[in-house]
Amino acid sequence: MEIAGKIKTVFVLAISMMFASNVEAQETTEVENYDQGFRLGFGVNAGYSVNDPYKLALGADARVQYDLSKRYSLTLTTGYSNLFVSKADGNDLGFIPAKAGFKAFVWNDQFYVMGEAGAAFAVTNDYNKTSLLLAPSVGYASKYIDVSLHYEHYSDFVKLNNNGSIGKGVGQVGVRVAYGFKL
């Protein structure tokens, strides 16, 4: 039994030394003071509607961004967008989006994911509906340029179903290119 006890002791010491050799002193890095602040950006949007009768989507917007930290920001976006249809399918749909969002930079402080929610106020052709608007996006932002790929869903706008009936819920996939600067 004495030999078994010695083997156990050597085994425990060997394991302890393996873990101890991996322990390193933590380096203290000086944390840079990040200046919270506002940014303003002006962008153009182009996309394609995923629901009939709409086809092409074009728009312009202005976005105010408040940087909570180097990685997280809050956004407010508004502008004007238009969903185009062919002449045979009826009238275009123009609307003013009003969105609030949260932006999180996930890689190199330049690539981000963002989620926005708000309302889309129809303003054309005596169509006076207001729709819930949800918009996730991924993008790249440098000091002045912001490029993103987004999906926008308007839950209350009228669409044409595959069977020819009228339904609700229009979506579009688009690209936004913007110029922004610190205020």
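**Exercise 1. Which residue lies over the face of Tyr112?**

Solution. A charge sits over a ring if NZ of Lys or CZ of Arg is within 6 Å of the ring centre and within 35 degrees of the ring normal. Lys103 lies over the face of Tyr112, at 4.3 Å from the ring centre.

The model is predicted: local features need pLDDT of at least 70, side-chain atom pairs count only at pLDDT 80 or more, and totals for chains, interfaces and linings use all residues. Residues are numbered from 1 along each chain as its sequence is written, and side-chain values use heavy atoms, with hydrogens and water left out.

**Exercise 2. State where confidence is lowest and where it is highest in the protein.**

Solution. Start with the term: pLDDT is the predictor's confidence in each residue, from 0 to 100. Its mean over the protein is 84, and 81% of the residues reach 70 or more. Next, take the elements, where helices (H or I, at least four residues) and strands (E, at least two) are DSSP runs, numbered from the N terminus. Helix α1 (residues 2-21) has the lowest confidence, with a mean of 53, while β5 has the highest, 96. Over residues 18-23 the pLDDT is below 50, and this stretch has 0 contacts (heavy atoms within 4.5 Å) beyond near neighbours in sequence.

**Exercise 3. Describe the ring pair of Phe95 and Phe157.**

Solution. A pair of aromatic rings is described by the distance of the centres and the angle of the planes. Rings of Phe, Tyr and Trp (its six-membered ring) pair if their centres lie within 6.5 Å; planes under 30 degrees apart count as stacked, over 60 as edge-to-face and the rest as tilted. By this rule there are 10 aromatic pairs. For Phe95 and Phe157 the centres are 5.6 Å apart and the planes stand at 55°, so the pair is tilted. Phe95 belongs to strand β4 (residues 93-107) and Phe157 to strand β7 (residues 145-160), so the pair ties together parts 62 residues apart in sequence. Together with Tyr154, Phe95 and Phe157 form one aromatic cluster.

**Exercise 4. Is Lys129 buried or exposed, or partly exposed?**

Solution. Buried means under 20% relative accessible area, exposed over 50%, partly exposed in between (1.4 Å probe, protein chains only). Lys129 is in the loop between β5 (111-122) and β6 (130-141). Its relative accessibility is 34%, so Lys129 counts as partly exposed. By contrast, Phe157, which Lys129 touches, has 0% and therefore counts as buried.

Conventions. Lists of a residue's contacts leave out its neighbours within four places in sequence.
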